[in-house]
Amino acid sequence: MTKTKKIIIGVIILAVAVCAVFVTLFEIGFFEKSNYKFLNYDKYVKVGKYKGLKYTAKKVSVTQKEIDQEITSRRTSAQTQKSVKSGTLAKGDVANISYVGKIDGKKFDGGSASDYDLTLGSNSMIKGFESGLIGHKVGDKVKLNLTFPKDYGTKKLRNKKAVFEVTINAKKVTVTPKYDTAFIKQNTGNKYSTKEDYEKYIKEYLTKQKEATALSEVKSDLWSQVVTASKSTGKYPKKQLAYEKEKFTNQYKNYAKNYNMSFKTFLKAQGMTEDIPEGPGHDGEDLQQEGERVCEDSGEAEVRDVLHCEEGRHQGDRQAVQGLSEEDAEECGLHRIFLPEPVRYDHREVR
């Protein structure tokens with residue numbers, strides 16, 4: 001192979017490699033203005049203390065009352081409705097009815113229906129219709145002399161007197177399953193059949209829920225401590241700054257359009273300007289909110305592992321969190337959660 005051919009092949013290989021790199025960077029969003037993953041956060045944030053933090057340990061327990069409440073809730077969720085051909089209607093009941101409405105002895109559009117389910121007390125019919133059925137029994141035929149309200153939606157029916165002949169076909173009742181073996185089997189896929197085993201399962205379920213909540217509260221407290229101790233350098237990444245400015249500008253331009261106002265007039269009416277602040281102007285809450293937005297894919301799992309609040313570590317009211325090196329902190333994404341919000345209009349609610 002000649003030297004010239006080798007050079008040509010080498011150039012082609014290099015070009016392919018460069019193209020592959022650019023394609024990869026494009027696919028992972030490296031060139032997207034909204035992407036915060038590839039920033040050097042040391043330029044924008046000075047991370048506060050994150051080692052030796054303390055938290056309040058929380059012990060969880062589940063009472064029999066809570067177990068009973070959970071079982072009641074599950075029985076309520078398993079409720080069904082069935083139609084019955086007997087009984088007296090009361091407020092809150094669902095009645096299946098058929099009715100024919102007439103004005104001056106003639107039927108009118110929308111004035112009749114068959115097998116209609118009506119909840120008594122829902123006020124979905126004109127005044128007097130639902131209350132006129134309360135106290136009647138299933139199977140009764142009821143005649144209602146009513147007047148359409150003066151502000152009724154259909155103009156031609158306003159203030160019109162109408163007669164409705166209503167037949168009460170059935171009453172729908174809610175059936176709550178009994179707390180018995182059949183219910184337990186049906187709602188656990190036949191995994192449990194006795195109340196003792198089912199309640200043990202419910203207790204384990206509630207315990208896990210409470211432990212998860214306690215762990216979440218500990219994590220939130222620790223994150224808050226780190227955020228509070230962290231400081232912004234006041235600098236902004238240019239690409240992301242442009243993105244944020246464009247995003248908020250477009251948002252408020254749409255608001256202005258909806259109100260038939262010019263952009264500048266709208267901002268003035270809201271006490272806003274288009275100026276970008278020189279410094280961060282953040283308090284801890286702002287940093288926390290920005291952290292939650294930017295850190296969705298950061299190392300929260302690793303931080304959770306470092307919290308040492310697994311089983312056996314919930315002893316004592318205050319415990320230090322140990323074992324997190326500076327390298328681990330960077331790997332976990334601690335440098336990703338304190339980027340100051342690049343552009344900040346006066347975020348008042350649009351009036």
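I started with the rings: Tyr-99, Phe-108, Tyr-116, Phe-129, Phe-148, Tyr-152 and Phe-164 form one aromatic cluster. For the record, this is a predicted model, where local features need pLDDT of at least 70, side-chain atom pairs count only at pLDDT 80 or more, and totals for chains, interfaces and linings use all residues. Residues are numbered from 1 along each chain as its sequence is written, and side-chain values use heavy atoms, with hydrogens and water left out.

**Ring pairs.** My rule was that rings of Phe, Tyr and Trp (its six-membered ring) pair if their centres lie within 6.5 Å; planes under 30 degrees apart are stacked, over 60 edge-to-face, the rest tilted. That gave me 17 aromatic pairs. I looked up Phe-129 with Phe-164: this pair is edge-to-face, 5.4 Å centre to centre with 75° between the planes. The two are 35 residues apart, with Phe-129 in the loop between β5 (106-119) and β6 (141-147) and Phe-164 in strand β7 (residues 161-175). Strands here are DSSP E runs of at least two residues, and helices H or I runs of at least four, numbered from the N terminus.

**Buried or exposed?** I call a residue buried under 20% relative accessible area, exposed over 50% and partly exposed in between (1.4 Å probe, protein chains only). Phe-129 is buried because its relative accessible area is 0%, and Phe-164 is buried at 5%.

**Cores.** I took a nonpolar core as buried Ala, Val, Leu, Ile, Met, Phe, Trp, Tyr and Cys residues joined through side-chain atoms within 4.5 Å. The largest has 22 residues, and those with the most contacts inside it include Phe-129, Leu-144 and Phe-164. β4 (94-103), β5, β6 and β7 are the elements that give it two or more residues. A second, separate core of 13 residues includes Tyr-36, Tyr-41, Val-47 and Leu-53.

**Tyr-36.** I found Tyr-36 in the loop between α1 (3-27) and β1 (45-46). Tyr-36 is buried, with a relative accessible area of 7%. Tyr-36 and Gln-240 are 204 residues apart in sequence but 7.4 Å apart in space, C-alpha to C-alpha.

**Helix α4.** I checked the length of α4 (residues 195-229): at 1.5 Å a residue, its 35 residues should span 51 Å, and its end C-alpha atoms are 51 Å apart, which agrees. The expected span is 1.5 Å times one less than the number of residues. Its buried residues include Tyr-198, Glu-199, Ile-202, Leu-206 and Trp-223.
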